[in-house]
Amino acid sequence: MGRKVQRSLIQLIFFLCILFFILFLNRPQSTKDKLFAWTKVRYQTTSSIIPEARGVCPGLAESTKPALIVSHVSSDGDPSWLEPLRTQYHVCMYQVDAPADKTSKLLQVPANRGHEAMAYLTFLIDNYADIPSAGAVFVHGSRWAWHNDIPDYDNAALLRSLDIHAALKAGYSNLRCDWSAGTCPSSVPAQGSLETRLSSAVSPWSARSASDLALPEALGQIFGGDADARVEEITSAVHLYLGRQDAVRAQCCAQFVVSRERIWQHAQSEYIALRQWLLDGSDDGVSRNVYRESRAAPGDDRIAGRIVSYIWHILFADHAGERGIDLDRLNRDSCPSAAECYCRLYGKCDLKCRGPGSCKGQYSVPKDYRLPEDWEKTHS
């Protein structure tokens, strides 16, 4: 055998060994009956500063309407589109980017951090005892947005048509039914997979890839707390971290409806802990707890906010009598077929649907995930 042929053969064998090793690491693994310790927020802050309440929603304690929690920033524009919805909802709008002012009548948050998550968590913390029996709906502050699951992307129309009573039969429902932009399709790689790692390396500018990559560790931080203390609560039979092929399947975009009972599954202190996870990772001095080895949220707000948007369905899954979260069942419940979802949430029961993830004429992703700049003007 010639020396060149021998060298080529060795290189081929070496390449095949690497290939088989990669395939072995990423072999399909069953999630059947696999439980995760995600039923309680265990994050422990080292900050001595817990923000004061500036988000108590007026009149909520006496309201019989479902609460509509709105995370509004100045760039969302005029919030007057919410006024007609007051006949249907008890509106609690948080002005997220308003300057801190104790004398202001605006509902405020401790910091403009985590996108809509800061407003949502502030509402849950400051109004914990007064959650309406009719439930709560959480939405962004812009009327027109690419992710609103309605043909003209109008959140006002979407909220008017929402059947809250039917939606709350499941305890929690994302307002999106179409599977695009979420992680429901099986083609979306698992968050801890080699494919996700490669995608993040190739596209370091992508907040989506970075968030997917950061999710497994974040779940451990949020639901695991202190590494030593959690040993007593989390047994070897219940997992904390996602494996390489454990995928969290969920709808995108953090607009949802949830029952009071599902909210009260968690103590008020857990929502405080989750908000502190966000604040402790900030770089604006709000928490005074910034250090390199922190187990808090990533400093990049786009990533931190997206991570929390991935876990609302985990927080509000049915935990009753369970030792942990069944990932297989969680994924099924979080990704109902578009046909079933449109029928239950919006009364659209005769749609022609193309597979489990989309129905004709209901939703399409606009170009570059953006609406034209004149969309509001031409559709109002």
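Predicted model: local features only at pLDDT ≥ 70, side-chain atom pairs only at ≥ 80, totals over all residues.
1. Helices (H or I, at least four residues) and strands (E, at least two) are DSSP runs, numbered from the N terminus. Tyr153 lies in the loop between β4 (136-140) and α3 (155-161). Its phi is near 65°, a positive value in a residue other than glycine.

2. Residues are numbered from 1 along each chain as its sequence is written, and side-chain values use heavy atoms, with hydrogens and water left out.

3. Cys253 is placed in the loop between α6 (207-224) and β6 (256-258). Phi of this non-glycine residue is positive, near 85°. Cys253 is buried, with a relative accessible area of 14%.

4. Ser63 belongs to the loop between β1 (35-36) and β2 (67-72) and is buried, at 17% relative accessible area. The side chain of Ser63 reaches the backbone nitrogen of Lys65 at 3.1 Å.

5. The axes (lines fitted to C-alpha atoms over the stretch in contact, with angles from 0 to 180 degrees between N-to-C directions) of α8 (residues 268-280) and α9 (residues 301-315) come within 11 Å and cross at roughly 165°. Contact (heavy atoms within 4.5 Å) is made by Leu274, Trp277 and Leu278 of α8 with Ala304, Ile307, Val308, Ile311 and Leu315 of α9.

Terms used: Buried < 20%, exposed > 50% of the residue type's maximum accessible area, 1.4 Å probe, protein only. Polar contact = N/O pair within 3.5 Å; in protein donor to acceptor, adjacent residues only side chain to side chain.
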